[in-house]
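Subject: A structure for you to look at

Hi,

Here is the structure I promised to pass on. Have a look around it, then read my notes below.

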Amino acid sequence: MASPYDHQSPHAQHPSGLPRPPGAGAGAAAGGFARGLMKQPSRLASGVRQFASRVSMKVPEGVGGMRPGGGRMTRMQSSAQVGLRGLRFLDKTSGGKEGWKSVERRFDEMNRNGRLPKESFGKCIGMGDSKEFAGELFVALARRRNLEPEDGITKEQLKEFWEEMTDQNFDSRLRIFFDMCDKNGDGMLTEDEVKEVIILSASANKLAKLKGHAATYASLIMEELDPDDRGYIEIWQLETLLRGMVSAQAAPEKMKRTTSSLARTMIPSRYRSPLKRHVSRTVDFVHENWKRIWLVALWLAVNVGLFAYKFEQYERRAAFQVMGHCVCVAKGAAEVLKLNMALILLPVCRNTLTTLRSTALSHVIPFDDNINFHKVIAATIAAATAVHTLAHVTCDFPRLINCPSDKFMATLGPNFGYRQPTYADLLESAPGVTGILMIIIMSFSFTLATHSFRRSVVKLPSPLHHLAGFNAFWYAHHLLVLAYVLLVVHSYFIFLTREWYKKTTWMYLIVPVLFYACERTIRKVRENNYRVSIVKAAIYPGNVLSLHMKKPPGFKYKSGMYLFVKCPDVSPFEWHPFSITSAPGDDYLSVHIRTLGDWTTELRNLFGKACEAQVTSKKATLSRLETTVVADAQTEDTRFPKVLIDGPYGAPAQNYKKYDILLLIGLGIGATPFISILKDLLNNIKSNEEVESIHGSEIGSFKNNGPGRAYFYWVTREQGSFEWFKGVMNDVAESDHNNIIEMHNYLTSVYEEGDARSALIAMVQSLQHAKNGVDIVSGSRIRTHFARPNWRKVFSDLANAHKNSRIGVFYCGSPTLTKQLKDLSKEFSQTTTTRFHFHKENF
């Protein structure tokens, strides 16, 4: 939209309606702003000087905004208009006719006597989670029309409000935003008014810590925008700041959009026709999953072979004459059951798997999928048990008891002591009782092992609520020891096989059970040998407990591995897995534990007392601390609870060094396995710099020690989470001079860039980071982004930046993102020259 500036008086009107200082054209305003900042020693001043020179060069020749001929000059569309079309008051999807229909429908439901009250305005326009912000927006829009906010508004007035909020003209929305800040409507923003809006924005974005520093940040804005100490700022100064924030981003964004469009156009020929696309995708799938395919195929073949062998064997036995194919099916399923009851123990022999990961077998066996394979085997056991049981109780038993007595005695008499059983006799026999008990134990254990129960997704009434959670899963799983004993007894007393050497159950179980028994013995030995003492404990916001321990002698591990922790004061039996957050080169061992269940809550409470945390009631124990509480064993007379460790154990991330580039993605506490990797990379960087400073050569260069670049994306919904690893982030920012590690922090509780609710937060963030290099959100030197990452854009940028490279994508967090990241890895591996290898952390 062209906005003319008439050169009629030294007080020409700004398009938004406020008087602009003399000569305040687009370039002059920016230049004057920059000159004011030149007096200040901040780094922001130099940046704005460069920006002002760029803007000034764009102004046509002439004086005071006039063309050489004295005519009117058309105002150029600023980068703020391009980049901040997003000074939005509503979500991107809320505008248009469909958006208004939803608002109109909600008005009809909420109005009182045809008028919408102020307190219902936020919910009506789809801003229900920002009621305070919506209330101030309502007041600003009402004030502009001389309406009394307390009287409410009609549907026609609401539509006017809606049209103004969804107006595509940047100046219009900037005017609304300014009026929101300008409480008294005098056209000038004072420091107190800026402070109030910062507090309002912080509240809307759940930034509790920022609210406490609102006065400081308001002062910072006034310092930068009011260099002449007039005590207020005007709308043109606010616009200049917004334009400066996005000018550096406009060109790269345009280039990235062009590159993305080109990437979509340049589809390889093998994906253009449906047949070629299907064949190519099949080939890619086999190439990516060949380890899983051959292993599962072998496992399936063995299962099918055993079932067929047993089925055919019983077709030739005397029992077939009485029970027919029912007994063949039951015995075939029993053979499958015995095999899988043996195999299910192998994927949880963690010490053995950790050792095998470092051997040549890791090239052909997918050790990262051990837990998934464990689950598949468990499902097969459940299916085989169901088939075996149903075949017996619905077919074999009725045929046995209804068989003519002479035929029964001639064929199966010796197996049953020459006494034809009743249905009750079969159920009350040793095989019947042990079978029923096994079904009960397995059903109970398998149910509590499902995601809904283990992660406490289901909400059961008291006292059944104890059946949900990790504790219930852990104890129920140990009941399966009894199931194995019952299985051996069950097979020993079966009716149709009398010779002991033909009762093969113990043959299947002996080796896996011995392996697993050795694993538990090793854990017991380590429990006695790996005695650790707590060096430091800290409780961070978000109820995260950090433990720093002395590294036991002989405890060697790789970044990405995990260990088990036991605290006898909480439970003498339970071991829980946690990622190691220290690097192999550190002289200590550390873990970060998020309070999620009964065990972790009790552990946090015990250390909370040692850290002098205010834990006095059950309600307080579950409250989220807003400050970090630390206790140091060396400086305080502190007695920490006893902690035992077992490990280390292998995990997918430990093989990160085999990739050219790393993409590490952590959600919330899921960042923990990657912190160790970042520390390890950082230690390599420092050691290489020391070598180079001594020898003046490239000896021990970073690239030879591992990946050439690492990208870390940490997505969290709580501002306090950044406290957990602030030291690591600052260390990376200060020591990584060659930008080997690129860190991206995302806070999802803050509205995305461009939303009016986060606009002032973004302004303060830019000013503070430019002034002293510290991010106001994380408190570290790493800049925090708002909302969620655009993962497609992340993969596209990496594919363009690192052609012909192997990128290891490591993810730890909620399962909700797993499929998207896996699909993107597959898609960009197929359509670009970059190969993305996806790995999900499993415990």
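In this predicted model, helix α31 (residues 791-801) and helix α32 (residues 818-831) have axes that come within 10 Å and cross at roughly 30°. The crossing is right-handed. In general, those two quantities, the angle between the axes and the distance between them, are how packed helices are described.

Which residues meet there? From α31 come Trp791, Arg792, Phe795, Ser796 and Ala799, and they meet Gln820, Leu821, Leu824, Ser825, Glu827 and Phe828 of α32. By type, this contact divides into six nonpolar residues, three polar and two charged.

As a general background, nonpolar side chains tend to be buried together in soluble globular proteins. The largest nonpolar core here has 32 residues, and Leu662, Phe712 and Ile741 touch the most other members. Two or more residues come from each of β3 (534-540), β10 (661-667), α27 (672-695), β11 (709-716), α29 (726-735), β12 (741-747) and β14 (806-812). Helix α27 gives the most, with seven residues. Domain 3 (528-647) and domain 4 (651-692 + 703-747 + 787-838) each supply at least three residues to this core.

Setting aside neighbours within four places in sequence, Phe712 is in contact with Leu664, Ala671, Phe674, Ile675, Leu678, Glu742, Met743 and His744. There is also a second, separate core of 27 residues, including Met561, Leu563, Leu589 and Trp599.

Happy exploring!

Technical notes. Residues numbered from 1 in each chain as written. Predicted model: local features only at pLDDT ≥ 70, side-chain atom pairs only at ≥ 80, totals over all residues. Heavy atoms only, no water. Axes fitted to C-alpha atoms, helices over the stretch in contact; angles between N-to-C directions. Helix = DSSP H or I, 4+ residues; strand = E, 2+ residues; numbered from the N terminus. Left-handed = near helix turned anticlockwise from the far one by under 90°. Contact = heavy atoms within 4.5 Å. Nonpolar A, V, L, I, M, F, W, Y, C, P; charged D, E, K, R; others polar. Core = buried A, V, L, I, M, F, W, Y, C linked by side-chain atoms within 4.5 Å. Buried < 20%, exposed > 50% of the residue type's maximum accessible area, 1.4 Å probe, protein only. Domains from an automatic or database assignment.
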